[in-house]
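This briefing concerns a predicted model. Please keep the sequence and the structure in view while reading.

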Amino acid sequence: MEHLREQLERFRESFLKAEELWNNYYTFVKTTVREWEAFRIDLLDRLSEVRVKLETDLRTTEELSLKLDLGLLSEEKVKKKLDELQEEIARLKEEYQTLWLAYEEITLMYITHCVKSGLPASLSAGDIEEKKEELKSAVNKKMVSEEVAQQLEKILSDEASMLLHLHEKG
Amino acid sequence: MSRATVCPGLYKDEKGKFYCRFADNAEIDPAFMPCLLEYWECPFYIRHKQTEKALEVKKEEIKQQEAPPAIVPTVEMPTLIVSPTEVSAERFTDEVDRLIDRASELARLWESYESEARRVVEEWEELRDKIKRELAGLEAVINAYISEKGRLEKLLDEGKISEEEYTDLNSRLEKKLAEKNSEKEALTKKLADLDRVVLPHYKRVKVAEAKPELAKLRLALSKLEERFKSRSISEEVYMRLRAELEDKIQRLEKIKEEVE
């Protein structure tokens, strides 16, 4: 009897500990989710700006060659401008890829913990589809490398699966 | 009386730098001052004129005070060494020489002005492109905020976030949106200020080449049409470049009309 009582006490303590750990986990996830929602705005801000500037620079590069063909600009001027643009494009592309990858990696973690904790995720399957379309367009415009595009595609598919899981659970 | 085309206070040293007599001989850039435009509205010119007038009035007063009683003197006329015709011819020769000098100086000034104005116009065109790119970036951020606001409202409606969370995130967004809108407004204003200052110079230097430039642009436009018809360029590129060319043509046509 004494032996059984000890075992029962140990289980009670373990479950209480599990409850406490769960509460800590839940509170921690909730706080992190909230902080992430707020931080997302800054990240989106920079991402949008970099994307548009990169698009503009790539477009300008394309137009410069055409302007040379049409006799609107001299070869010297086009070369000078292209040199300037190439440097800027490389810098923006690097920033764009890094930020987008980091953003999607965190988003996947965010959805994963929403699924685990039972918190509602602020993303829908439609949002993921939009991002996939955006990725296709970015690949066509050569804004991201093939390698980064593959990594992003994989993360986006994982995000979609996680969201599906969340809906099934909900 | 018609006015001179260049401010009489403007002069140039051997190195080609410009100075203003009326601004204590300070170095100036005529491209940014009205020396070659409505210089009579320049504060330095106005100040100089006022000082000149005040001095004349003072001189007149002193003259009147010092003037002896009005007695008509019997002055013996000096003997003329040269005949009146010779004096008049010499005077005209001097005046012509002086005018030739002034005209030559004017040509030099115009040449300097024109090359400086061309540089300014070229830099203006480049800077305009950069500002427009910056504005496009700001526009994208503003649109991202607006769509984020819509998403937040949707989340609130669906009960995925609490009222408190919504208020907090929405106020952050509102603040950032206001910041970006004011940045955009300030930059747009700067661009308009820049256009206002540079456009008169643009018009002046482009007048001479408006006709050949128009021909060049029209030729480029027709080549562009051909490229599009043969599908060697995308519709997006075609539309954008066409709009740019048409805008330039319209601007030059306006300048040409104003001159004619």
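The points below are grouped by topic.

The model is predicted: local features need pLDDT of at least 70, side-chain atom pairs count only at pLDDT 80 or more, and totals for chains, interfaces and linings use all residues. Residues are numbered from 1 along each chain as its sequence is written, while chains are lettered from A and ligands numbered from 1 in the order in which they are written.

**Chain B**

- Chain B contains three strands and five helices; helices (H or I, at least four residues) and strands (E, at least two) are DSSP runs numbered from the N terminus.
- Read from the N terminus, the order of elements in chain B is β-β-β-α-α-α-α-α.
- Of its 260 residues, 12% count as buried, that is, 20 or more other C-beta atoms lie within 10 Å of the residue's own, with C-beta atoms placed from the backbone.

**Helix α2 of chain A**

- Helix α2 of chain A covers residues 75-117, 43 residues in total, and spans 61 Å from its first C-alpha to its last, close to the expected 63 Å; the expected span is 1.5 Å times one less than the number of residues.
- The buried residues of α2(A) include A:W100, A:Y110 and A:C114.

**Contact between the chains**

- Chain A contributes 20 residues to the contact and chain B contributes 22 residues; two residues are in contact if their C-beta atoms, placed from the backbone, lie within 7 Å.
- On the side of chain A that touches chain B, eight residues are nonpolar, four polar and eight charged (Ala, Val, Leu, Ile, Met, Phe, Trp, Tyr, Cys and Pro count as nonpolar, Asp, Glu, Lys and Arg as charged, and the others, Gly among them, as polar).

**Packing of α1(A) and α3(B)**

- The axes of helix α1 (residues 2-69) of chain A and helix α3 (residues 163-207) of chain B come within 11 Å and cross at roughly 20°.
- That angle makes α1(A) roughly parallel to α3(B), a term for angles under 35 degrees.
- This contact involves A:R34, A:E37, A:A38, A:I41 and A:D45 of α1(A), together with B:E165, B:L169, B:R172, B:L173 and B:K176 of α3(B).
- The residues of this helix contact comprise four nonpolar, no polar and six charged.

**Residue B:L169**

- B:L169 lies in helix α3 of chain B and is buried, because 23 other C-beta atoms are within 10 Å.
- Leaving out residues up to four places away in sequence, B:L169 touches A:E37, A:A38 and B:L152.

Terms used:
Axes are lines fitted to C-alpha atoms, for helices over the stretch in contact, and angles run from 0 to 180 degrees between N-to-C directions. Angles under 35 degrees count as roughly parallel, over 145 as roughly antiparallel, 65 to 115 as roughly perpendicular and the rest as oblique.
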